[in-house]
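The following paragraphs lead the reader through one protein model, from the whole chain to a single residue. Please keep the sequence and the coordinates in view while reading.

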Amino acid sequence: MLSLFGTDSLLIDALNRAEEVIGSKGTIHIVVGKSLIDELRNHILSHEKWGSLPINYIVEPAARNTAPALALAAAVVDSCDEEATLIMLPADHLTEDGPRWIQTIVTAVEAASDGSLVTIGLHPTAPETGFGYIQADNARDRQPVSQEIPLSRNGQAGQHNQLEPAVVLPVKRFVEKPDLETAIGYLAEGDYYWNSGMLVARADAILAELEAAQKGCPDARSAKGNADIVAVSRELAANPESKDAAKRFAQLPKEPFDKAALELSKKVKVVPTAISWSDVGSLLSLEALQEPNKQGTRIIGQGVDVGSANTINYSSKRLVATLGLSDVVVVDTEDATLVAAKDRVQDVRLIVDELQRRGAPETKQSQTSLRPWGSWTMLTRGIGYQVKEIEVLPGASLSLQRHKQRSEHWIVIEGTAQVEVDGVTQTVYPGQSTFIPTGAIHRLANEGDTILRVTEVAVGDYLGEDDIERFEDRYSR
């Protein structure tokens, strides 16, 4: 949901790419954890640029890696359409769109029609050690598959393109992140591609190949739980409210789909492509935002540097100064600051795991949260209280709601607020305030033509965002 690389967030960019290839008749399914579902839905509702395709939110009962997540998505889709093909797009990728992107995906969809699991392989441009690789079988004996691609958003057949025809190749093996010498060898051989993490396959094939991998490779530890993954996913697809199925899902093995199925299946293909792509899961992707100075250092945002070499200094708001660093990444945001050696940025997950172990609130809620009616920013918080700045767009309003565990005090900073409390509406002007008692049914609205800014002071024993009971909401939350 970050907007580091342009005006839209990476998630909105992914949705736009999906819309570009499926036209106006498809459905987008978003697999998301319980802790992020509300934030994600609000984020999408707040973007007017997003199109009109229906979105179905598939909520994971627990985070169990990509094998259970993808199986759950496949089971949900398969229960509605046994002929459906899934295009799995990670939301943290920065990827080119347009004709070459469409050609790649259309070719993969064609190749997946026989039940194959089709991966997207990227032509390596450097001996990258942070990515996995796919080795294609007989890569030099290529046969073009698709000569014509649809180029329009409405899904109609498009014109002949001037791109080199896309090809489909059988996969020989998957390779873990190599060392530098090995990666150099892969580039020299020419039949290795970066594993993009994107997958195209029929929904029923995803489930069938998970089960086949366990039966065909009984000694493979990574596939021992595949039958349970499929069974529980089908149960949840049939009854998303099943507490028993949700409990069993939380006990499934934490396995990536690559290990559980792709590396064991005999039905895997790859579509090589030269689309521009960056795995934003790596902070080194920030290098794409700025050309380096003579010392190889990139300063992005409000930064200043003296005497550093081969360093990234990224700041979203504050002034960040670096002095005499070498091969270091500094990323400063409203929520937190990271300082890491460049050769360790792939391990940032270790920091997140430690923060989650400590129960750090930053892992559950960002400092600023977009809403369909505007946004709020956390200014400060402590035991029993928190202070937010709320921005309400012209003509927008929050839901009619109440809180059972906190009271709120609203001070209008800019604009004019219409405040409803237990059926009584009042107008509150800049410099004025109003009090919302615990349990009161209330609503904040902006009926003016400028932004409404309000400072909210909340006091209570529990201040979580889930302490909201909605009675009316124009955004159907």
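**From the whole chain to one residue**

In this predicted model, the mean positions of the 47 positive and 67 negative charges of the protein chain lie 4 Å apart. The chain exposes about 23,900 Å², of which carbon and sulfur atoms supply 50%. Buried residues account for 46% of its 477 residues.

The secondary structure of the protein chain consists of ten helices and 27 strands. Its radius of gyration is 25 Å, close to the 23 Å given by the globule rule for 477 residues, and the chain is therefore as compact as a globular protein of that length. Along the principal axes, the C-alpha trace spans about 75 × 60 × 50 Å. Among the contacts with a separation of 6 or more, 68% are between residues 24 or more positions apart.

Attention may now turn to an individual position. Gln-418 belongs to strand S22, which comprises residues 417–421. Its relative accessibility is 18%, and because buried means under 20%, Gln-418 counts as buried.

Which residues are in contact with Gln-418, leaving aside its neighbours within four places in sequence? They are Thr-425, Gln-426 and Thr-427, together with Arg-443, Leu-444, Ala-445 and Glu-447. With one of these residues, Thr-427, the side chain of Gln-418 forms a polar contact of 3.0 Å. As for a position elsewhere in the chain, Met-88 is 330 residues from Gln-418 in sequence, and the C-alpha to C-alpha distance between them is 44 Å.

Definitions and conventions. Residues numbered from 1 in each chain as written. Predicted model: local features only at pLDDT ≥ 70, side-chain atom pairs only at ≥ 80, totals over all residues. Heavy atoms only, no water. Helix = DSSP H or I, 4+ residues; strand = E, 2+ residues; numbered from the N terminus. Rg over C-alpha atoms; globule rule 2.2 N^0.38 Å. Buried < 20%, exposed > 50% of the residue type's maximum accessible area, 1.4 Å probe, protein only. Contact = heavy atoms within 4.5 Å. Areas by Shrake-Rupley, 256 points an atom, 1.4 Å probe, with all protein chains shown as cover. Lys, Arg positive; Asp, Glu negative; His and termini not counted. Charge placed at Lys NZ, Arg CZ, Asp CG, Glu CD. Polar contact = N/O pair within 3.5 Å; in protein donor to acceptor, adjacent residues only side chain to side chain.
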